Amino acid sequence: EQLTATKSGRSHLRSRGAYPVLRELHAREKDPEVLGACLKVIQVLIGDEPEEGMENLLEVQVPEELERRFRNQEEEEEREKAPEAPR
C-alpha cells in the first residue's frame, strides 16, 4: 500500500508492468487476504490519478463520514471472512 500512495510510486509500478503480474496472481491465488490486497492495488493502478494536490494518498484528509463508512465496510468484509461459530 505504501508504494501506491504516491504518484511516483504508482507510476513506477505501472512502468515496470506490475498490473499484468497482479492480474495473474489474482487469477491463481486462493488466499482471500491476498486476493483482497491484490484487488486494492489493482484498483489503484488502473484508476484515474487523483486531482492536483492529492497525489500523495497518505496526506489526503478523508472526511469523517467517509472514514466511518470505509471502516464499517472493512469490518463487514472481516465478518464475512471469519469462520462461522459452532452452535
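Buried means under 20% relative accessible area, exposed means over 50%, and partly exposed lies in between. The exercises below apply to a predicted model.

**Exercise 1. Classify Arg 28 and Glu 24 by accessibility, and describe how their side chains are paired.**

Step 1. Arg 28 has a relative accessibility of 61%, so Arg 28 counts as exposed.

Step 2. Glu 24 has 37% relative accessibility and therefore counts as partly exposed.

Step 3. Both Arg 28 and Glu 24 belong to helix α2, where they sit 4 residues apart, about one turn of the helix.

Step 4. Their side chains form a salt bridge, with an N to O distance of 3.1 Å. The cut-off for a salt bridge is 4 Å.

**Exercise 2. Which elements make up the protein, and in what order do they run?**

Step 1. The protein has 4 helices and 0 strands.

Step 2. Read from the N terminus, the order is α-α-α-α.

Step 3. Of its 87 residues, 13% count as buried.

Step 4. Take the contacts between residues at least 6 apart in sequence: 57% of these join residues at least 24 apart.

**Exercise 3. Are helices α2 and α3 roughly parallel or roughly antiparallel to each other?**

Step 1. Helix α2 spans residues 18–28 and helix α3 spans residues 32–46. They pack at an angle of about 150°, and their axes are 10 Å apart.

Step 2. Angles over 145 degrees count as roughly antiparallel. Helices α2 and α3 are therefore roughly antiparallel to each other.

Step 3. The crossing of the two helices, α2 and α3, is left-handed.

Step 4. On the α2 side, the contact is made by Ala 18, Tyr 19, Leu 22, Arg 23, Leu 25 and His 26. On the α3 side, the contributing residues are Val 34, Leu 35, Cys 38, Leu 39, Val 41, Ile 42, Leu 45 and Ile 46.

**Exercise 4. How many salt bridges does the count give, and which residues are linked in a network?**

Step 1. The general principle is that side chains of opposite charge can pair when their charged atoms come close.

Step 2. With the 4 Å cut-off, the count comes to 5 salt bridges.

Step 3. One of them joins Arg 68 to Glu 65, with the closest N and O atoms 3.0 Å apart. Arg 68 and Glu 65 are 3 residues apart in helix α4 (residues 64–81), so about one helical turn separates them.

Step 4. Arg 68 has a relative accessible area of 36% and is therefore partly exposed. Glu 65 is also partly exposed, with a relative accessible area of 42%.

Step 5. A network of salt bridges links Glu 64, Glu 65 and Arg 68.

**Exercise 5. Describe the pair Glu 67 and Arg 71 in the way used for Arg 28 and Glu 24.**

Step 1. Glu 67 and Arg 71 lie in helix α4, 4 residues apart, about one turn of the helix.

Step 2. The salt bridge between their side chains has an N to O distance of 3.8 Å.

Step 3. Glu 67, at 39% relative accessibility, counts as partly exposed. Arg 71 is partly exposed as well, with a relative accessible area of 41%.

**Exercise 6. Where does Pro 50 lie, and is Pro 50 buried, partly exposed or exposed?**

Step 1. Pro 50 is found in the loop between α3 and α4.

Step 2. Its relative accessibility is 27%, so Pro 50 counts as partly exposed.

Step 3. Pro 50 and Lys 7 are 43 residues apart along the chain, while their C-alpha atoms are separated by 8.6 Å.

Definitions and conventions:
Residues are numbered from 1 along each chain as its sequence is written. This is a predicted model: local features need pLDDT of at least 70, side-chain atom pairs count only at pLDDT 80 or more; totals for chains, interfaces and linings use all residues. Side-chain values use heavy atoms; hydrogens and water are left out. Axes are lines fitted to C-alpha atoms, for helices over the stretch in contact, and angles run from 0 to 180 degrees between N-to-C directions. Angles under 35 degrees count as roughly parallel, over 145 as roughly antiparallel, 65 to 115 as roughly perpendicular and the rest as oblique. A crossing is left-handed if the near helix is turned anticlockwise from the far one by less than a right angle, and right-handed if clockwise. Contact means heavy atoms within 4.5 Å. Buried means under 20% relative accessible area, exposed over 50%, partly exposed in between (1.4 Å probe, protein chains only).
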